[in-house]
Amino acid sequence: DIEKLVGTPYDIRLRTGDRLIIPKRPDQVMVVGEVYTQSAAMYNPNYNQSDYVAQAGLTRMADESAIYVVRANGKVEAGNGWLFSSSAKINPGDTIIVPTDLDHVNMLDIALDWSRALMQFGTSVAAMKAIGVFK
């Protein structure tokens, strides 16, 4: 009832020509970050954070202890233990973010990245020598 808003912080003063647009209520929950399927899942009132994360599938680089939720209203909820747990209630429009575990460093991946960079550098130098940049 709009009359209940009068005198509250939600009492918005409108002028002639103003438009009030009320967006549709979202019906999905986003799961992004270190998951196999970054997507919007349909909201299920019986699901909690763990259910949505399990549905998306954690990668081996996921930091399960640092998962946080950005609520539809923009509020961020994060923490460990009783403050915020994997059984936390998820609402429509929320986004669950699974960050990368920065302590989990794969030496093989690092070696491959460096070898690719060195190979590209070597190829560039050889190409420049072939076209006469170096004599």
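Beyond its neighbours within four places in sequence, D63 touches P99, T100 and D101, where contact means heavy atoms within 4.5 Å. This is a predicted model, in which local features need pLDDT of at least 70, side-chain atom pairs count only at pLDDT 80 or more, and totals for chains, interfaces and linings use all residues. Residues are numbered from 1 along each chain as its sequence is written, and side-chain values use heavy atoms, leaving out hydrogens and water.

**Around D63**
- You will find D63 in the loop between helix 1 (49–56) and strand 3 (68–70); helices (H or I, at least four residues) and strands (E, at least two) are DSSP runs, numbered from the N terminus.
- D63 has a relative accessible area of 17%, so it counts as buried (under 20%, with exposed over 50% and partly exposed in between; 1.4 Å probe, protein chains only).
- D63 and D109 lie 46 residues apart in sequence, and their C-alpha atoms are 18 Å apart in space.

**Helix 2 and what follows**
- After helix 2 comes G132, with a positive phi near 95°.
- I131 sits in the segment after helix 2, and its relative accessible area of 68% makes it exposed.
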